[in-house]
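The tour moves from one selection to the next and says what is to be found at each stop.

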Amino acid sequence: MDRYTIISADCHGGADLLDYREYLDPQYRDEFDGWATTFVNPFGDLAEADAEHNWNSDLRNAELDQDGIAGEVLFPNTVPPFFPQGSLAASAPQTARELQLRWAGLRAHNRWLADFCALSPQRRAGVGQILLGDLDKAVAEVAHIAQLGLRGGVLLPGVVPGTGIPPLYAEHWEPLWAACEEAGLVVNHHGGGAGPSPTDGWGSSLAVWVYESHWWAHRALWHLILSGVLDRHPDLTLVFTEQGAGWVPATLDSLDVAAARYARPNSAIARFAGPSAGSLTLKPSQYWARQCYVGASFLRPVECAQRHRIGVDRIMWGSDYPHLEGTAPYTREALRHTFSGVPTDEVAAMVGGTAAAVYGFDLDTLAPLADRIGPTVAEVAEPLTTVPADATSTAFEPDPIRAW
């Protein structure tokens, strides 16, 4: 192997707002026309010329070529119809009609995404969207996502407290897990959309929100383990994307200890935890090793150092294109920064091999492209001595403990 096949397990895209119109069911188009005339985009990067990175197929491929990325998993980025802001962070709908309209908007996005991926099918795996406000519709959309060929799977929304939606550990969601497992669709849980929004106005609100945002997303792991979802559905695949990677080892250690205590006969803590908590057939860390992965966006060296505790075969590197915190246009430098000194076979797995297996990329089909654009093994092995002065990615942050 002379070059790596790089597959980013975390990229973002979406249609320009008005381009969603033709993908809406006809009965919603007139209402969309009125809504679109009053909509003000809350995201500055989506109101600038650079926003076309999200939907300009040729430009996108050219920039990924420059960065050495052969394949990408596409999460949403732009604002779907009838949403006040991006679907990852939008507040819960307040009325049944608002929920209905947002469902129409997400279905339009899924249809658009299928067409966008079809423009470059060997390179793109699109992640379809659902809402949790209507279980029957969510199950039906899972089937539709499979029919659309969105092999990136399903984006599982977070359940923000206070919305009235049952938590992910509730038995209520059993049909959803069964539908995803039956369809063979990966369940993706992306950071940033599972916790309360910082709207209380205090000076520290944003700092607290940034610090806690990953924790809210991590909760899905213990919710689905302790409720037995991964035990009942051994063929269900769960991916935690853009929420760090270094949290995994300590969390698994903690869950293993907790599960052992819950299962101990006549244990006081087991009585508090209830009967279901002690019924798991595997240790939580074993469910992780069997069914779970981390979409390790802009993986930092301090996280890579924990790769054997996380599981080399559980890590899927991501560039987070086209976000400011992503590695573009210095992906090659970011790969050197993180992976120099790491064995070649381990690098190959983390930067592409595992993602290919999880999301169904054909490495043989990608090989000619990777041979043309991929970073060489020798290049990645060369330690990075100077971080580009205008690099904005958090991949280049120093070890925070030593920096402190």
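What follows is a series of stops, each beginning with a selection.

This is a predicted model, in which local features need pLDDT of at least 70 and side-chain atom pairs count only at pLDDT 80 or more, while totals for chains, interfaces and linings use all residues. Residues are numbered from 1 along each chain as its sequence is written, and side-chain values use heavy atoms, with hydrogens and water left out.

Select residues 174-183, which form helix α5; helices here are DSSP runs of H or I with at least four residues, strands are runs of E with at least two, and both are numbered from the N terminus. The buried residues of α5 are Leu-176, Trp-177, Ala-179 and Cys-180, where buried means under 20% relative accessible area, exposed means over 50% and partly exposed lies in between (1.4 Å probe, protein chains only). They cover an arc of only 160° around the axis, which puts them on the same side of α5; the arc is that of the directions from the helix axis to the C-beta atoms. Just after α5, Gly-184 takes a positive phi of about 70°.

Move on to Leu-206, which lies in helix α6 (residues 205-226) and is exposed, with a relative accessible area of 57%. Together with Trp-209 and Val-210, Leu-206 makes a nonpolar surface patch of about 290 Å². Patches are made of residues with over 30% relative accessible area and no salt bridge, like charges being joined within 9 Å and nonpolar side chains (Val, Leu, Ile, Met, Phe, Trp, Tyr) within 5 Å; accessible areas come from the Shrake-Rupley method with a 1.4 Å probe, and for residues only the protein chains shown count as cover.

**Aromatic pairs**

How many aromatic pairs does the rule give? The count comes to 11, with rings of Phe, Tyr and Trp (its six-membered ring) pairing if their centres lie within 6.5 Å, and planes under 30 degrees apart counting as stacked, over 60 as edge-to-face and the rest as tilted. The rings of Trp-215 and Trp-222 have centres 6.4 Å apart and planes at 50°, so this pair is tilted. Trp-215 is partly exposed, at 43% relative accessibility.

Next select Phe-32, Trp-35, Phe-39 and Phe-82, which ring pairs link into a cluster. Phe-82 is found in the loop between β2 (69-76) and α3 (96-118), is buried at 8% relative accessibility, and has a positive phi of about 70° although it is not a glycine.

**Further backbone stops**

Glu-242 has a positive phi near 50° in a residue other than glycine; Glu-242 sits in the loop between β6 (238-241) and α8 (248-263) and is buried at 12% relative accessibility. Then go to the loop between β8 (315-318) and α13 (331-339), where Pro-322 is placed; a cis peptide bond with omega of about 0° joins Tyr-321 and Pro-322. Pro-329 is also in the loop between β8 and α13, and a cis peptide bond, again with omega of about 0°, joins Ala-328 and Pro-329.

**Salt bridges**

Side chains of opposite charge can pair when their charged atoms come close. With a salt bridge taken as a side-chain nitrogen of Lys or Arg within 4 Å of a carboxyl oxygen of Asp or Glu, the count comes to 14 salt bridges.

Select Asp-25 and Arg-111, whose side chains meet in a salt bridge (3.0 Å, N to O). Asp-25 lies in the loop between β1 (6-13) and α1 (29-38) and Arg-111 in helix α3, so the pair ties together parts that are 86 residues apart in sequence.

Arg-372 and Asp-65 also meet in a salt bridge (3.6 Å, N to O). Arg-372 lies in helix α15 (residues 363-373) and Asp-65 in helix α2 (residues 57-67), so the pair ties together parts that are 307 residues apart in sequence. Arg-372 is exposed at 56% relative accessibility, whereas Asp-65 is buried at 18%.

Arg-307 forms a salt bridge with Glu-346, the closest N and O atoms being 2.6 Å apart. This pair links distant parts of the chain, with Arg-307 in helix α12 (residues 307-310) and Glu-346 in helix α14 (residues 344-359), 39 residues apart, and both residues are buried.

For the last stop, select Arg-60, Glu-72 and Arg-124, which are linked in a network of salt bridges.
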